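Try each task before you read its solution.

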Amino acid sequence: MKIPRRHFLRGAGALLPVPLLTSLLPKAARAQAAAPRRVMFWLQDNGNLRDELTPTGDANSLTLPYLLQPLEGVKSDLTVIRGIDNHVIWNHNGNAHDIGNATLLTGIARTDFNAVGGGANGGGASLDQYLAGRLPTAPRRSININLPTGTFAMSYQGAQQATTGLNLWSAYQDLFGNFMGTTDPAVIARRRLTRESVIDAVLDNFRHVNGRVSAADKVKLDHHLSLLRDLETRLALEAQGSSCAPDPNPPTHQNNSANTEYTAYLYALAFACQLSHVGVHMVSSPNADPVFPVRFTGGDYHQWIHQGPDYGLDPVRRREDWRTSMRWFSTAFNTWVQRFKAVPDVSGGSLLDNTLIVWVNVFGMGSYHDFHEIPVVVAGHAGGTVRGGRLLDYRRARAANPTNFGPSYARSSFVNETTNNLWVSIAQAMGLNDVTAFGDASFCSGGLPGFVG
Amino acid sequence: MLMRRALACMCVLVGCTGRIVGSVDEPVVLPPPVDETPRECRPVPSPMRALTPRQYDEIVADLLQDTSRPARDLEAPSSETRFDNHADWVSMDEVRLRFYLSSAEGLATRALTRQASVFPCAAPMAAQEEACVGQIFDTFGRRAWRRTLTADERTTLLGVFRTVRALSGATYNDALSAVLQVVLQSPQFLYVTEVGTPVVGATRPTSRLTPLETATKLSLYLWGTVPDVALLDAAEQGRLETKQDVEREVRRLLASPKAREGYLHFASQWLETEHLADVSKNATTFPLWSPDVSNAARAELETFIGDTYAGGKNYAALLTARDTSVNATLAPLYGVQAGATSLPASRAGVLTRVAWLAAHSHPEATSPTFRGKSIRTRMLCEEVSPPPPGVNVMLPNVTGPATIRQRLSVHIEAGSSCFSCHRLMDPIGFGLESYDGIGVSRTTDNGLPVDDRGEIVGGSTAGTFTGPIELSQRLADSPEANRCYLTQAYRYAQGRTETSRDRCHLDAAQRSLPAGASLQDVAVAITTSDAFLTRETLP
């Protein structure tokens, strides 16, 4: 059946009909006793208007503020968290964006952030990649779309080993491109056996590379080798019949920067088909013009943030522009939550029931590079371990008075819960109850009280 | 990245205590005088490198006539001291691995459709199949792996061919495809290692790169692709042994159009213009700007740089010459006629070109800080630390008409804690204020007269100047800037940042260059230096 393109790429709020998505799922995957848990990291950069993100009223029946109101229809699926600081960055003298991006998901600070123009700075594995290695093996370790690179990298396999992100079009090709062209089982079998032979030979060729490289370089070659062996395992899994039919109308190469809906759809489809259990996506990439349909001056989002919410000769208008722009993120997040909620999962219930979508920011307040009180919203229930419909407020004291406009990096200024403990909670909610610390253990004291259960 | 451009502009009130090289309290260490007695330099490291996405695309276009640029969406990071080919960026992950896998499948499939023109033999009879595959090892394989394959390697590849050939329903093409895929994913293809041969009698453990390693290093540096057959033959037939041999081949490579393209890839990173297409301008402030203008500006800058390089001209020409090639789209921004081949006297070299100026500005205004930072770091090779913790990085608010120079004055008031860093940047950028945020000449900023007096603080190029022409000439004549150019080219040639050991080699290379040496002479000096041709022996 030829689906008109507009059914897939309509504006905000319009979703694919659910039966259609179901028909794309592999038959084998549909009848399964227990669905695996998935986790999605939904990354925003340059901060938010954090003072307007706290629900009021009863903590167990959220009254959403203006900036979160687009999520009204899914608030029973939300766990809003306040009072999370990125403690590990304290005392670090370097580019705040390098520091923030390298530490958010890793929970580890490198000691040489002073290096000007350095390489990727992550001090260890980020939570997404740690979970990818511990959750059940899937054809893909993780699905990474639009991630920052170089010194701004956020997702790490290990210290200084950043993971690559693809754009939407390339990600579609990577996930579903191979399904184009044939359903002939003989051809598919031959292709699979050919791949196995190819990879075996590539592995063999590592013998022939002159073994005399430095110890540091040998680590890189060995890492490549282990990834190849890992790939063999995952390709074999893929060949076992999770042949998820792709959307017959893929995204175009040119217009992929603005497709919030399609991105959500792609992740949901990939999760439902169990191509992976982990996803990472940066919504506001510093690389490209953000996809906001609202006003901010000029096209340089980063400079606009640094002007702050009361800038210019019409500060009232500027503040309204900020509120409208930041509210857009909630609208986008709602698109994702609704999509995941609409997708049936293999054991009955929805994909959202078995997933956590973690919306987190690099900064609390981007205008002055402040890492206190980073806003966090978690959607989903991770197979019933996360209740939803609640505010968890871990604020112990107010952050540095915003009117000073100067961030504090003093150790004593970080008084709230740590990002490390947040990640411990996420790991535990994903079923890894042996995790009691993540990243730099000196910033850990266990999971966030009350998060799980 | 966009963010990096804007970062330097944020610093108002609290202490700026970053580590400064080249402040008035810590003078820049100058290169030694030219007549210092040469001394033997210590051997330098040579870390493993990997093909960059761009090199990957160039090579498959070269070897398989495939111009689809499969790696174009793979990001290649670069930074102030690390070009895209830097060893520090070498890191594999699942996404890249799968990219190489699916890319190889696609490349092989497409190559087979034109195997008659890509390979020395095609569609052989059954009895000739393996002989044909053998020929492909000798041609495609040899160029992809930059050397003649060993017997062991041929055995491995032939094994793949036979295994796949024997699969039910498999054809010669299927089996050859598998061989091509293996070649394109093997470490011999993806990684560049330099082990060398120990030099007998060296004072310190030193290894000379083998001729084949030298060939690869030369070709990747100058052309951004694998060695051609002539260079491989020279290496394998004993004609790439001496420095004279190397210089001969280097001059041959430099004479090719590929050298120009390779140079532009270096220059667009060095001058931070490679992401110009991502730079947005406010349409109300700059109605003249558009994607077409942006592309035309980039093309104009690259034509100028490419012509300067290929024409055997020098660093001074790059900074001061007014040669151009301006089309109708770009002409209004320069105030010249379409087809002009020379810019007006208000312009000079790269720092006065629309592409550079627009790339180093904000969406609605110029950025003296960003322009000054770029010149300080990219053209004087000095570090400027980012704003330290506790610094207010919000932009000062506007309260009424003011020039950007006036608004930035808080950065460099004596006693302000931004002073020690920002005095290295802003006063340089002020000298370019007679060009607006898209590089168009102007005499007013926000209705007030432009003041383009500037100053370079610290180092041997220190001093005041007025306007962009004097600034450009000052840099063109500066030993420090010329040395920095050598250093940048050296970093790109070596695929790493210089260490303390490299200074001796850079000094020697500098001494070997005559006054007014061309940009190509600089490439020759680098490629014939011990630092390029030898390495510290691996333990």
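Predicted model: local features only at pLDDT ≥ 70, side-chain atom pairs only at ≥ 80, totals over all residues.

**Exercise 1. Work out what share of the contacts in chain A with a separation of 6 or more comes from residues 24 or more positions apart.**

Step 1. Two residues are in contact if their C-beta atoms, placed from the backbone, lie within 7 Å.

Step 2. Residues are numbered from 1 along each chain as its sequence is written, and chains are lettered from A and ligands numbered from 1 in the order in which they are written.

**Exercise 2. Describe the make-up of chain A and its helix α11.**

Step 1. Count the elements, where helices (H or I, at least four residues) and strands (E, at least two) are DSSP runs numbered from the N terminus. Chain A has 11 helices and 11 strands.

Step 2. Apply the burial rule: a residue is buried if 20 or more other C-beta atoms, placed from the backbone, lie within 10 Å of its own, exposed if 12 or fewer, and partly exposed in between. Of the 453 residues in chain A, 55% are buried.

Step 3. Look at α11(A), residues 419-429, where 11 of 11 residues are buried. Among them are Leu422(A), Trp423(A) and Ile426(A). Just after this helix, Gly431(A) has a positive phi of about 100°.

**Exercise 3. Is Lys75(A) buried or exposed?**

Step 1. Find Lys75(A) in the loop between β1 (38-44) and β2 (78-82) of chain A.

Step 2. Lys75(A) has 20 C-beta neighbours inside 10 Å, so it counts as buried.

Step 3. Leaving out residues up to four places away in sequence, Lys75(A) touches Leu62(A), Leu64(A) and Gly389(A).

**Exercise 4. Find which helix of chain B gives the largest share of the side that touches chain A.**

Step 1. The contact involves 71 residues of chain B and 75 residues of chain A.

Step 2. Helices of chain B that each supply at least two residues to this side include α3 (94-113), α6 (151-165) and α7 (172-185).

Step 3. The largest share, seven residues, comes from α6(B).

**Exercise 5. Describe how α11(B) and α24(B) pack.**

Step 1. Two packed helices are described by the angle between their axes and the distance between the axes. Axes are lines fitted to C-alpha atoms, for helices over the stretch in contact, and angles run from 0 to 180 degrees between N-to-C directions.

Step 2. The axes of α11 (residues 243-254) and α24 (residues 519-527) of chain B come within 10 Å and cross at roughly 145°.

Step 3. Val246(B), Glu247(B), Val250(B) and Leu254(B) in α11(B) meet Gln520(B), Ala523(B), Val524(B) and Thr527(B) in α24(B). By class, this contact has five nonpolar, two polar and one charged residues.

Methods. Nonpolar A, V, L, I, M, F, W, Y, C, P; charged D, E, K, R; others polar.
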